[in-house]
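Please keep the model in view while reading.

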Amino acid sequence: AQMGIAILGIYVADTAYLAERMPQVGETISGSGFSLGPGGKGSNQAVAAGRAGARVSFISKIGDDTFGKMALEIYAEAGVTPKVEVMADMPSGAAFIFVNDQTGENAIIVYPGAAGTITSADVEEHRAVIESSKVFVTQLEQPPDAALTALTLARSAGVTTVFNPAPANPFDAACYGQTDYFVPNESEAAAIVGFKIDTEEDARRAGDLFLERGVGTAIITLGAKGVYLHGPGISTRVPAMANAPVIDTAGAGDAFIGGFAAALSEGQGVEQAVRMGCATAGIAVTRRGTAPAMPARAEIDAMMGQGA
Ligand code: ATP
């Protein structure tokens, strides 16, 4: 029987530097803080789903280096099975994150390293993992050909597919027809449809366009406003949840996807899965960091009012 979740995506080590401004080219300035942690959308989503209690396999590539070891450590802690090729001749991905220590604004360079070399042939090598899962999830940080190959392979095996078209990079239009749940944020949705998503009516119109292009259900994340869920027989906004001060929304989208996919893998219906995604993200935004901020299942259940 099909069980658990397979996620294809990238891992990067997030290296965040705080300073009062960006240095000019040729200049060196003193910073006011630093943090290092595991990141990358696919990797964050895998950690979120693992902590939410799902059986998760993460398909990616890393280097034989310190950042790669960091990835394997968090997978071991979160119960994620790494289906990760360790490359001898490429470094693990890394992100340079400049954070303005006054305004909180950031500027980022993402270098996917080993994960940038993921091809359709790599996806084929993990065919058995994908086909034996109940849910498959991918994004657009790795090369887009690999996303289409994996979505198609998953779909033809009857695996429920979740496509998070993030960041807003171009992708093959054939992906729509291979997608059960299409999950962009507001700006990714706007980049595709060509109008801003300001109101629920905008979200509904965008959702209609995604359905016309072939997705099963569109789920547009709206930050603090929650999620717009638009599919056959349903079109509604599901509110966000947060029970503590919001201190860091980085990785909120990944937390949502991880919680949502975990619920789907348990056979929960889409509305309940969206609520679990909102609860997962609503806890993650009250903590610093991306992957390290992902909550355990007991915390998610408590947030949803079901657990202890
Ligand atoms: P990021 O790029 O920061 O990871 P995103 O832009 O992909 O996030 P958002 O739409 O901002 O995704 O947020 C995803 C989900 O996280 C929202 O649907 C909501 O459930 C939750 N969320 C985000 N911001 C907040 C907030 N301020 N309070 C409560 N929940 C939030």
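In this predicted model, Gly 231 stands opposite Ile 234, a residue of strand 13. Strand 13 is joined to strand 12, residues 227-231, by 5 bridges, and the two strands run antiparallel.

- An open sheet is formed by 9 strands, whose order is 5-4-1-8-9-10-11-12-13 and whose pairing is mixed.
- At the edges of this sheet lie strand 5, residues 80-87, and strand 13, residues 234-238, each of which pairs on one side only.

**The shell around the ligand**
- The ligand is surrounded by 21 residues, and the closest of these are Thr 221, Ala 240, Ala 252, Gly 253 and Ala 281.
- Helix 8, residues 252-265, and helix 9, residues 270-284, each contribute at least two residues to the shell around the ligand, and helix 8 gives the most, with 4 residues.
- Sorted by class, the shell around the ligand consists of 12 nonpolar, 8 polar and 1 charged residues.

**Annotated positions**
- The unreviewed UniProt entry carries a "binding site" annotation that covers Asn 185, Thr 221, Leu 222, Gly 223, Ala 224, Lys 225, Gly 226, Gly 253 and Asp 254.

**Gly 226**
- Gly 226 is located in the loop between strand 11, residues 217-221, and strand 12.
- Gly 226 counts as buried because it has 21 C-beta neighbours inside 10 Å, where 20 or more are required.
- When residues up to four places away in sequence are not counted, Gly 226 touches Arg 237, Val 238, Pro 239, Ala 240 and Cys 278; among these contacts, Ala 240 is also one of the residues closest to the ligand.

**Asp 254**
- Asp 254 has its place in helix 8, the helix that gives the most residues to the shell around the ligand.
- Apart from neighbours within four places in sequence, Asp 254 is in contact with Lys 41, Asn 44, Gln 45, Ala 48 and Thr 290.

How values were computed
Residues numbered from 1 in each chain as written. Predicted model: local features only at pLDDT ≥ 70, side-chain atom pairs only at ≥ 80, totals over all residues. Pairing = 2+ DSSP bridges. Near = placed C-beta within 6 Å. Nonpolar A, V, L, I, M, F, W, Y, C, P; charged D, E, K, R; others polar. UniProt positions renumbered as here; feature names shortened; annotations may be inferred. Buried ≥ 20, exposed ≤ 12 C-beta atoms within 10 Å, placed from the backbone. Contact = placed C-beta atoms within 7 Å.
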